[in-house]
Amino acid sequence: MNNLFAERMSKIPRSFVREILKVTEDPKIISFAGGLPHPESFPYKEIKSAASKVLSENSQEALQYSTTEGYKPLREYIAKRYLLKGLKVDPDEILITNGSQQGLDLVGKIYLDKGDTVLVERPTYLAAIQAFGLYEPVFKSLPLLDDGIDTDALDETLTSQKIKLFYAIPNFQNPTGITYSRQKRQKIADILKNHETILIEDNPYGEIRFMGEDLPPIKSFLEKSVLLGSFSKIVSPGMRLGWVVAGKEVMEKLVTAKQASDLHSNYLSQRIVHQYLRDYEVETQLEKIRKMYKRQRDLMIAMIGKYFPHDVEYTQPEGGMFLWVTLPDGLSSMELFNRALKEKVAFVPGEAFYTDNPQKNTLRLNFSNSDDEKITEGVRRLGTAIKNLMITEKFNES
Ligand SMILES: Cc1ncc(COP(=O)(O)O)c(C=O)c1O
């Protein structure tokens, strides 16, 4: 009976993106809605060989229960890679999780009591709203500008009210594709040093930078923060492997919370991914993905330039998998979604990514999961749907 469910469940919307993905299962629909890596990015042969090696050389161990913290050589690998990027992390400060999504859940579990305030970007990652939402916090959101969160507003908010967590995605943000500048990263660290608020820095896309210069994680300026990473976008999301970097005290709590959730992450996956990283050069894999997504991103932007009305705005991300479109004021992307489906093209209306006062004329487009033909045709169809919507709403196309 429905009334037996915990009260908190009634407050969590089902993932709108997942609902949309169901609609877009029709093969005739060109979908820019999901957030999937391109299937050709998966190192299938290499994973096959790594899996075969693990199972022939270490099967008894690899099929057994393991430690909650995760396979130590995999954590050592992650720590070494951070060092290459200038961040010194001890492998014992890394917890392997079931994707970075579990990292978000564990963070919510150890920090949030009902009514605590979580500060997020406007807009933010939908499934983080879900993950934290289950712990019944109050959300507050701050504007995301072209070079990151509005730091004046951040300073003012942290000074005027008690904020427990500040959740940020500084690289190629989902949903907007926006990246924080170096100055903003430093400024955020400086502001947070004066407050108790914990920064939760989510970075699943950082390695997929295809233009511009690599920027240090905010954690390199702010030790007390919690940093999340993932193998989903660089190896395979199906392996479900991510990690959390946190200091000793936080780590102890995370480990306890994870034990209660699932004892440990899939150990076979950990062994296979580690074997893969040992036997193959990850840079080769990353270069392949970066090259592929840059092409797709460039094509999408070129097609938007060709087919969208000129007063439609869009971000031009330097990496990641998404770009963010803003229609002229007064237009509804939800209305556009219904029209676009008739043209057999889909995207995610922006409303889903706001915790309050959604900006209704926005939408997210994914470019990583479509090939050239689909990008060209899909953007053309979407352009037609936008123009038709503008005609109905009596907008003059400029
Ligand atoms: C910002 C952000 N965080 C976390 C995740 C979760 O990724 P995973 O659990 O596959 O590591 C995603 C996935 O799309 C994401 O976009």
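Guide: Pro175 lies in the loop between strand 6 (165–168) and helix 8 (182–193). The model is predicted, so to speak of local features needs pLDDT of at least 70, side-chain atom pairs count only at 80 or more, and totals for chains, interfaces and linings use all residues. Numbering runs from 1 along each chain as its sequence is written, and side-chain values use heavy atoms, without hydrogens or water.

Back to Pro175. The peptide bond that joins Asn174 to Pro175 is cis, with omega about 20 degrees. Another cis bond runs from Arg122 to Pro123; here omega is near 0 degrees. Pro123 sits in the loop between strand 3 (117–122) and helix 6. Glu136 is in the loop that links helix 6 to strand 4 (138–145). Its phi is near 55 degrees, a positive value in a residue other than glycine.

Now the pocket. The ligand sits in the largest pocket, with more than half of its atoms within 2 Å of the grid points. A pocket is an open set of points on a 1 Å grid over the protein atoms alone, where a 1.4 Å probe fits and protein lies on both sides within 12 Å along at least five of seven lines; lining residues have an atom within 4 Å of a point. The lining counts 30 residues. Arg18, Gln101, Tyr125, Ala127 and Lys233 lie nearest the pocket centre. Helix 1 (16–23), helix 5 and helix 6 (126–133) are the elements that each give two or more residues to this lining.

Ser100 uses the backbone: one of its polar backbone atoms is 2.7 Å from a ligand oxygen. Asp202 uses its side chain, with a polar atom 2.5 Å from a nitrogen of the ligand. Arg240 also brings a polar side-chain atom, 2.8 Å from a ligand oxygen. On its own, the ligand has 400 Å² of accessible area, and the protein covers 92% of that (Shrake-Rupley method, 1.4 Å probe).

How values were computed. A polar contact is a pair of N or O atoms within 3.5 Å; within protein, one must be able to donate a hydrogen and the other to accept it, and residues adjacent in sequence count only if both atoms are side-chain atoms. Helices (H or I, at least four residues) and strands (E, at least two) are DSSP runs, numbered from the N terminus.
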